[in-house]
Amino acid sequence: MRSVLLNKPGELIMREIEKPIPAPGEVLIKVKRMGICGSDIHAYHGQHPTIYLPVVQGHEFSGTVEALGEGVTGFEIGDFVTARPQYTCGECYHCKSGHENICHDLKVIGCNGTVPGAAQDYIPMRSHLVFKLEDSLSYEDGAMVEPVAVAVAAVGTFTYDIKGKNILVLGAGTIGNLVAQVAKAKGAKAVMITDVCDEKLQIAKNCGIDYTVNTMTTDLAEAAEAAFGKDGIDGALECVGVEATVNQAIKVCRKRDDIIIVGIFAKDPAIRMIDVQEKEFKMIGTLMYLHNDFQEAIDLITERKINLEPLKTAHFKLEEFNAAYQYISDHRTTSMKVFIDVDD
């Protein structure tokens, strides 16, 4: 079968390897669609702090069941599925306390060289990580369950119920957009999203986000006060991973707010910790999702409470993987979710 290896930054190698046979307890999935994640892009450019090459990328995907390993029940050949891409030990403190998403030995497929991702024709997955999807969904919808689950987990990180709250999202890329949509779906009174790209802000408007702010041309504090009043922001989610946006959150949030850190920081930011202290902020990191978050993401998509259509940007075949990355580089202001069509 075909498999694409990210050998070193900027170097993708198409290989022919043996088709895997599912081990006991595994489901072999024929990959149909794979989404290129922001983490994949960072890794491609050698800028991700925790992904080490070489690796077969791809942790956002959907497909159909090709074969079942011994002992697997609940699935049939041909089922439309996606999978939660987390391999965990099940034995460490975090696994035993219900937080396997931060397992001491967490391996994310496509982000760890020992666990290949979906940039290949077939991928074996442990059966408890596989989720059936409704036929009403597209392969693209199925491949976007994972980033929606990231958003569900991020919004769920607040230490208080956000129903009826005014929420700020910094960054209108794919994850920021989905975080904003999930916040709306979970009952936020209003959501404001920021970016420096008008095209991405327009996509956010098309997805129903209440307020959009280009921080290159508009003062965020003034925009927030105009929208919500002097004490109007009830919490923020930083979805960019750069110094400027985390400091914007610190500047405009109300004292004692939660600031959720969603973005991946390629560089450690310099922030005024005295402001964090004096305003008694709770700055909380969020990494990934749990099983229930993944199921909630599927439910939100199936019930059409999340609008994915404006985020679907372009398609490339597996043989065109390099061209996909070039497209993303050439269309930074308009590219949201780019798909690899592994199989039609």
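Tutor: In this predicted model, Glu280 sits in the loop that runs between helix H9 (273-278) and strand S15 (282-285). Its phi is positive, about 50°, although Glu280 is not a glycine. The relative accessible area of Glu280 is 43%, so the residue counts as partly exposed, given that buried means under 20% and exposed over 50%.

Arg256 is another residue other than glycine with a positive phi, in this case near 75°. Arg256 is placed in the loop between helix H8 (243-252) and strand S14 (258-261). Pro54 belongs to the loop between helix H1 (38-44) and strand S4 (60-68).

Gly187 is found in a further loop, the one between H5 and strand S11 (190-195). With a relative accessible area of 30%, Gly187 is partly exposed. Apart from neighbours within four places in sequence, Gly187 is in contact with Ile162, Lys163 and Gly164. Asn166 is 21 residues from Gly187 along the chain, and the C-alpha atoms of these two residues are 9.9 Å apart.

Helix H4 (residues 145-155) packs with helix H5 (residues 174-185) at an angle of about 55°, and the axes are 8 Å apart. The two helices are therefore oblique to each other, and the crossing of H4 and H5 is right-handed. On the H4 side, the contact is made by Pro147, Val148, Val150, Ala151, Val152, Ala154 and Val155, which meet Ile175, Leu178, Val179, Val182 and Ala183 in H5. Sorted by class, the contact of H4 with H5 has 12 nonpolar residues, no polar ones and no charged ones.

H4 also packs with helix H10 (residues 291-302), where the axes come within 8 Å and cross at roughly 115°. That angle makes H4 roughly perpendicular to H10. Here too the crossing is right-handed. Val145, Glu146, Val148, Ala149, Val152 and Ala153 in H4 meet residues of H10, namely Asp293, Phe294, Glu296, Ala297, Ile298, Leu300 and Ile301. This contact of H4 with H10 divides into 10 nonpolar, no polar and 3 charged residues. Val148 and Val152 are listed in the contact with H5 and again in the contact with H10.

The structure holds 8 aromatic pairs. One of them joins Phe80 and Tyr139: the ring centres are 5.4 Å apart and the planes stand at 85°, so the pair is edge-to-face. Phe80 is in strand S5 (residues 80-83) and Tyr139 in helix H3 (residues 139-143), 59 residues apart, so that the pair links distant parts of the chain. Phe80 is buried, because its relative accessibility is 9%, whereas Tyr139, at 24%, counts as partly exposed. Elsewhere, Tyr44, Phe321 and Tyr325 form one aromatic cluster.

Conventions:
Residues are numbered from 1 along each chain as its sequence is written. This is a predicted model: local features need pLDDT of at least 70, side-chain atom pairs count only at pLDDT 80 or more; totals for chains, interfaces and linings use all residues. Side-chain values use heavy atoms; hydrogens and water are left out. Axes are lines fitted to C-alpha atoms, for helices over the stretch in contact, and angles run from 0 to 180 degrees between N-to-C directions. Helices (H or I, at least four residues) and strands (E, at least two) are DSSP runs, numbered from the N terminus. Angles under 35 degrees count as roughly parallel, over 145 as roughly antiparallel, 65 to 115 as roughly perpendicular and the rest as oblique. A crossing is left-handed if the near helix is turned anticlockwise from the far one by less than a right angle, and right-handed if clockwise. Contact means heavy atoms within 4.5 Å. Ala, Val, Leu, Ile, Met, Phe, Trp, Tyr, Cys and Pro count as nonpolar, Asp, Glu, Lys and Arg as charged, and the others, Gly among them, as polar. Rings of Phe, Tyr and Trp (its six-membered ring) pair if their centres lie within 6.5 Å; planes under 30 degrees apart count as stacked, over 60 as edge-to-face and the rest as tilted. Buried means under 20% relative accessible area, exposed over 50%, partly exposed in between (1.4 Å probe, protein chains only).
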